[in-house]
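Subject: Structure for your review

Dear colleague,

Please find below the structure that I am handing over to you. My notes on it follow directly after.

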Amino acid sequence: MHYLNTDAQIIMFRDMLNSEIYVDKSSLIQKITPLIRTNAKYVCITRPRRFGKTVNANMLGAYYTKGYDTHELFDDLNIAHTDHYESHINRYNVIHIDFSVFPDFCDGYDVYLKNILRKLQEDLRETYPALKGREYGGISEMLSDTKDSFIFILDEWDSVFSEKYVTEADKIHFLRFLKTMLKDRPYVDLAYMTGVLPIAKYSSGSELNMFWEYNFMNDQVYEEQFGLTEDEVKQLCTKYDTVSYEDLEWWYDGYLMSDGRHLFNPRSVNRALTDGVCKNYWTETGPMNEVADCIENNVEEVREDIVKMVSGVPVEADLSGYSAAEQELYTRDEILSAMVVYGFLSYHDNCLKIPNHELMEKFQRVLSRDSMGEVKEIVDRSKEMLAATLACDADKVAAILEDVHDREIPFLMYNDENSLSCVITLCYLYARKDYRIEREEKSGKGYCDYLFIPRKRGVPAIVLELKVDDSAENAIRQIKDKKYVQRVESFGNVILTGISYDRKHKKHECIIEKISLID
């Protein structure tokens, strides 16, 4: 058997339960079960890769599939304490298709789809002998002829959309294939579909408009089941002391649920706890590279947004969403929406942010691309800027800032505090290799503009304060009076940097002092 009532999902879900790190998401079953045989039985949940879609699809398959007894897998999970646990476990015919599995040497859409149809037909003929010897015009006729009903679990439904050999006509054909198999069919008990891309909406009569779609932009129902909540991560940190919660939070937090609660990237948290080290576990595969290309090809639309978000400044946007039909991205709305769908950005209350340090590293690389024009030239000098700061060469620091300002890039013209912060971020971008840079952080008796916290010993900390229409001396005095060095005094050596900008004379001034707190 290939797809129908197989034990594949049971084996894979058992492997997950046997893993050292597992977080119980069986409450998803409690949400999905009431939809069976109702007009809400078509559910499509889309999330970026690494957010647990396949794990949850395997869990559903292991729970519903008849012909097996999977009590051993679920009796200790949360679902076992619900009223309908026994009445639904192992009671359904389940057709589970992972659309991301391609036949060997697949070089065309026809080969891909025919392979799926052949396997499904073989399963049906083996399970229902009366179908043998009969010819059918389509898979829906064959499913109807079983006189039975099925739960369809269709994982990674949109995988074929990323293949270069798939044409626009192929995509339309694939959507119609799904429609013909699923829409208004009495044999459908439930159709649960997952993917990265939301379903394409070609018109009000879309092929798959029977699905209720839930994605990063609109999901208020299943959001807790995809990703790790703050409480779940804290519990994991209590159980596994390999890395601290604070490090996990900085690296992998930042996605927001509808009520403002935070979600962590589950795969990265799992890897960090297993390996005992926080680092960038985000892999760029498939559509992830396409989004990066779209940023590059449409840089004028989003360059300012990217610089602001890398600087820690939220970007306001009223996004309409992104669908599988929109593979070509032209407008700011389309590009930013795609980045939310792919997990590059978090979106909450019409504000876009880079979720965490893991993604921040990816965006920092974007700023170094040739297509970023003068922004790249500024970033290229950021190594020189850090070296001048560490050498206490205040004149050099001021000269670099003068050069940036003289370029007259509109959104870097110090029209507000955010534009000044963007300049500082670009000029010190190279420093992020060795420093964790925090803006307006509590330290001592106030909030420091910038703290450069070393990521390794032997590197001096940097405390940087900005002033507009004031003096660099006052910036240094404020650092000392408000004891901003308190957060970094454990590093021993601290470089105090005061930078001022005189709007009337359009001049920068810098004062740098190096202090040692080692006895």
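Helices in these notes are DSSP runs of H or I with at least four residues, numbered from the N terminus. Please bear in mind that this is a predicted model.

I begin with helix α13, which covers residues 299–310. Its buried residues are Val299, Val302, Arg303, Asp305, Ile306, Val307, Met309 and Val310. Just after α13 comes Gly312, whose phi is positive, at about 90°.

The next item is a sheet. Strands β9, β11 and β10 make up an open sheet in the order β9-β11-β10, and their pairing is antiparallel. The edge strands are β9, at 315–316, and β10, at 346–348, each of which pairs on one side only. Between β10 and β11 (residues 351–353) there are three bridges, and the two strands run antiparallel. Within this pairing, Ser346 has Lys353 of β11 as its bridge partner. In general, the strands of a sheet pair through backbone hydrogen bonds, in either a parallel or an antiparallel manner.

Finally, the cysteines. How many disulfides does the structure hold? The number is zero. Cys427, for its part, is in no disulfide, and the nearest cysteine sulfur, which belongs to Cys422, is 11 Å away. A disulfide would require the two sulfur atoms to be within 2.5 Å. Cys427 is buried, because its relative accessible area is 1% and the cut-off for buried is under 20%. Cys106 also counts as buried, since its relative accessibility is 17%.

With kind regards

Notes. Residues numbered from 1 in each chain as written. Predicted model: local features only at pLDDT ≥ 70, side-chain atom pairs only at ≥ 80, totals over all residues. Heavy atoms only, no water. Buried < 20%, exposed > 50% of the residue type's maximum accessible area, 1.4 Å probe, protein only. Pairing = 2+ DSSP bridges.
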